[in-house]
Amino acid sequence: MPKKSTSTRASAPKNAELARQMLTYMIMAREFDAAMLRLYRQGKAFGGVYSQLGNEAVSVGSAMALDNKIDVLFPMHRNIGGHFVFGQDIDQLMVNHLAREGSQMRGTDGTGHYADPQRRIYGNVSHLGAMIPVAAGFVMAGLMRGEKTVAMTYIGDGGAQVGEVHEALNFAAVRKLPLIVIIENNQYAYSTPNHLEFACERLSDRAQGYGMFGTTIDGTDVELVYQTCREAVQRARNGEGPSLIETVTMRMRGHAEHDDFAYVPKDILERWSTKDPVETYISRVIQQGIMTESEVTSLRESTLSTMIAAIDRALERPWPAAEEGFRNVFIES
Ligand SMILES: Cc1ncc(C[n+]2csc(CCOP(=O)(O)OP(=O)(O)O)c2C)c(N)n1
Ligand SMILES: [Mg+2]
């Protein structure tokens, strides 16, 4: 029988090294985000700049639950943390986002619409909902080859309403695919709030209808995200099929940086600001004696200077050659 659970409580850290790693990746995501916001205001960033603020615990905790040697990640636009966990270096990310020569999108796109097969990162597919069937197909192929690969993929509270998501979840449940779908419920899809998106209490309630495991968790708690995803990976690896995990967070900025998100009531933002995933986790690791305050400060400072150096190197690069824009574009002559 498919199980359903709801949890808001974190377990104790499994070990100090894991906690340090999680914090390091979350700080990388946070500093990358801050850097992109600055670059956007300087007119140096291309395409939309989609803030990760508030989503760091989801992207880092979930990606860390995978084995990046055998599993695959299908990230969305607020999952930079997962890119770092899967070994993408800051230089490459900056070159991509600043659309310079060497960009994995050849300069045609300044956001995250690319695959990096060497690092086992596929996506994101821009068309909301369309990536879940691709992830399902990927692990279906793996199963047919006798592999143990688990795919982790993400969709927003808005994107979760697209038809293809339901088809993929149904297919994954029927075929017991090793697929983990995280619904990042950050309260809004652009300007549309939750109550205009769906009428069920929790998005994970749908799991029961598909016949798969489902749960809703606090998405600001990196250890809880990690633990929940570890269990989902274990089930997937054991042939027990897919999981649907709804992570509840708040999008702390606009849809992208062009959006002033005036439609979000200020008291909602104030309430959620007390649950900042990075700040909360910093307090926790200090309180538990895993890191000292000064170790956290130097981690933040060194991450910031690494980020600034990568920006400088990316900005020194030339633009991609103009003809690159036509590569992989097909027309009927
Ligand atoms: C099928 C489709 N419709 C519209 C868009 C444009 N679009 C990109 S992200 C987005 C909002 C998505 O909201 P949500 O799924 O809640 O994710 P969030 O941005 O809040 O993380 C929209 C409308 C798209 N990429 N694909
Ligand atoms: Mg959303």
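Helices (H or I, at least four residues) and strands (E, at least two) are DSSP runs, numbered from the N terminus, while axes are lines fitted to C-alpha atoms, for helices over the stretch in contact, with angles that run from 0 to 180 degrees between N-to-C directions. This is a predicted model, in which local features need pLDDT of at least 70 and side-chain atom pairs count only at pLDDT 80 or more, whereas totals for chains, interfaces and linings use all residues. Residues are numbered from 1 along each chain as its sequence is written, chains are lettered from A and ligands numbered from 1 in the order in which they are written, and side-chain values use heavy atoms, with hydrogens and water left out.

**Two helices**

Select helix α2 (residues 56–64) together with helix α8 (residues 222–237), whose axes come within 8 Å and cross at roughly 35°. Where they meet (contact means heavy atoms within 4.5 Å), α2 brings Ala57, Val58, Val60, Gly61, Ser62 and Met64, and α8 brings Val222, Val225, Tyr226 and Cys229. By class, this contact of α2 with α8 has eight nonpolar residues, two polar ones and no charged ones.

**The ligand**

Next, select ligand 1 and the 14 residues around it (those with a heavy atom within 4 Å), of which His77, Arg78, Ser126, Gly159 and Tyr188 come nearest. For polar contacts with the ligand, look for pairs of N or O atoms within 3.5 Å. A nitrogen atom of ligand 1 lies 3.1 Å from a backbone N or O atom of leucine 128.

**The loop between α4 and α5**

Now select arginine 106, which is in the loop between α4 (90–97) and α5 (131–144). Leaving aside neighbours within four places in sequence, arginine 106 is in contact with Pro320, Glu324, Arg327 and Asn328.

Finally, select glycine 123 and asparagine 124, which are joined by a cis peptide bond with omega of about 15°. Most residues other than glycine have a negative phi, and most peptide bonds are trans.

Note on methods. Nonpolar A, V, L, I, M, F, W, Y, C, P; charged D, E, K, R; others polar. Polar contact = N/O pair within 3.5 Å; in protein donor to acceptor, adjacent residues only side chain to side chain.
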